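Hi everyone, thanks for making time for this. I'd like to walk you through one chain, and the sequence and the structure are coming up now.

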Amino acid sequence: MNYSGKLLVAAPSLLDPNFQQTVVLLIHGNDEEGVFGLVLNRESDRPIRELWETIFHQKCATERHIHVGGPVFGPVFVLHSQPELFDQEVVPGVYFGSSKSSMDHLVEAGQGGEFRFFVGNAGWGEGQLAQEIEEGAWYLFEATSELVFAEETEIWEAFIEEVGRDVLGDIIQSDAISEDPSLN
């Protein structure tokens with residue numbers, strides 16, 4: 001299965017502290033090669049400005065905070081909404097980048113447009129994610145730009161409510177429910 005552009009939502013039973021109550025945007029990957037993604041709803045308390053000025057010794061106009069993209073150490077990544085930067089489009093209106101030139105443009109612009117910087121990422125080896133989904137650790141959804149850039153403090157709860165409505169809807173529409181309420 002191609003996982004690019006999907007949202008991975010942690011089931012309430014997933015207790016791994018790295019992924020508990022997370023929503024992960026899957027950037028690329030499949031069952032044969034492994035999967036790479038970024039946790040959307042783990043904002044750190046460190047501003048991008050602090051990272052930018054320390055690493056690159058340049059001024060930064062934004063007061064936004066860095067997100068923890070997952071437990072795997074790696075370079076700084078960015079998700080943004082600006083197609084003119086020519087980064088990889090993950091879903092319509094959401095672009096993934098790791099080039100300094102793209103990031104320079106975003107930090108110089110300050111608060112303009114949607115963007116999030118990430119340190120770290122999430123990754124799964126060959127067949128690992130498919131197995132975890134089959135075991136019930138994750139739910140899979142189609143990503144949209146609205147969901148990717150949604151308020152991160154509320155996104156996981158909204159998805160879990162959606163899963164609950166879907167499960168309840170399947171039960172309610174089931175042929176196993178009798179027309180006679182006394183038998184239900």
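Let me start with a definition: by contact I mean heavy atoms within 4.5 Å. Please keep in mind that this is a predicted model, where local features need pLDDT of at least 70, side-chain atom pairs count only at pLDDT 80 or more, and totals for chains, interfaces and linings use all residues. Residues are numbered from 1 along each chain as its sequence is written, and side-chain values use heavy atoms, with hydrogens and water left out.

First, the overall picture. The secondary structure comes to 5 helices and 10 strands, taken as DSSP runs numbered from the N terminus (helices are H or I, at least four residues; strands are E, at least two). Of the 184 residues in the chain, 45% are buried. Buried here is under 20% relative accessible area, exposed is over 50%, and partly exposed is in between, with a 1.4 Å probe and protein chains only. If you take the contacts between residues at least 6 apart in sequence, 65% of them join residues at least 24 apart.

Now to the inside. In soluble globular proteins, nonpolar side chains tend to be buried together. I call a set of buried Ala, Val, Leu, Ile, Met, Phe, Trp, Tyr and Cys residues a nonpolar core if they are joined through side-chain atoms within 4.5 Å. The largest one has 37 residues, and V24, L25, L79, W124 and W138 are those with the most contacts inside it. Strand β2, residues 23–30, gives the largest share of this core, with 5 residues. Apart from it lies another core, of 13 residues, with V78, L85, M103 and F115 among them.

So which residues does V24 touch, leaving aside its neighbours within four places in sequence? The list is K6, L7, L8, F19, G37, L38, V39, A122, W124 and W138.

Two residues from that list, F19 and W138, bring us to the aromatics. Rings of Phe, Tyr and Trp (for Trp, its six-membered ring) pair if their centres lie within 6.5 Å; planes under 30 degrees apart count as stacked, over 60 as edge-to-face, and the rest as tilted. By this rule there are 10 aromatic pairs. F19 and W138 are edge-to-face, because their ring centres are 5.5 Å apart and their planes are at 75°. F19 is in the loop between β1 (6–10) and β2, while W138 is in strand β10 (residues 138–142), so this pair ties together parts that are 119 residues apart in sequence. Both F19 and W138 are buried.

A second pair, W52 and F56, is tilted, at 4.4 Å centre to centre with 50° between the planes. Both of these residues lie in helix α1 (residues 48–56), 4 residues apart, about one turn of the helix. Buried or partly exposed: which is F56? F56 is partly exposed, because its relative accessible area is 30%, whereas W52 has 1% relative accessibility and therefore counts as buried. The buried residues of α1 are I48, L51 and W52. They cover an arc of only 95° around the axis, so they are on the same side of α1; the arc is that of the directions from the helix axis to the C-beta atoms.

R64 has its charged end over the ring of F115, 3.9 Å from the centre, and K100 lies over the face of F56, 4.8 Å from the ring centre.

F115 takes us to strand β9, residues 115–124, where 8 of the 10 residues are buried. Two strands pair if DSSP finds at least two bridges between them. β9 pairs with β6 (residues 72–80) in the antiparallel sense, over 6 bridges, and H80 stands opposite F115 there. With β3 (residues 34–39) the pairing is antiparallel over 3 bridges, and G37 stands opposite A122. With β5 (residues 65–68) the pairing is parallel, over 2 bridges, and H67 has F118 as its bridge partner.

One last stop is G93, in the loop between β7 (88–91) and β8 (94–97). Leaving aside neighbours within four places in sequence, G93 contacts H80, S81, S145 and F149. The C-alpha atoms of G93 and H80 are separated by 8.0 Å.

Note on methods
A charge sits over a ring if NZ of Lys or CZ of Arg is within 6 Å of the ring centre and within 35 degrees of the ring normal.
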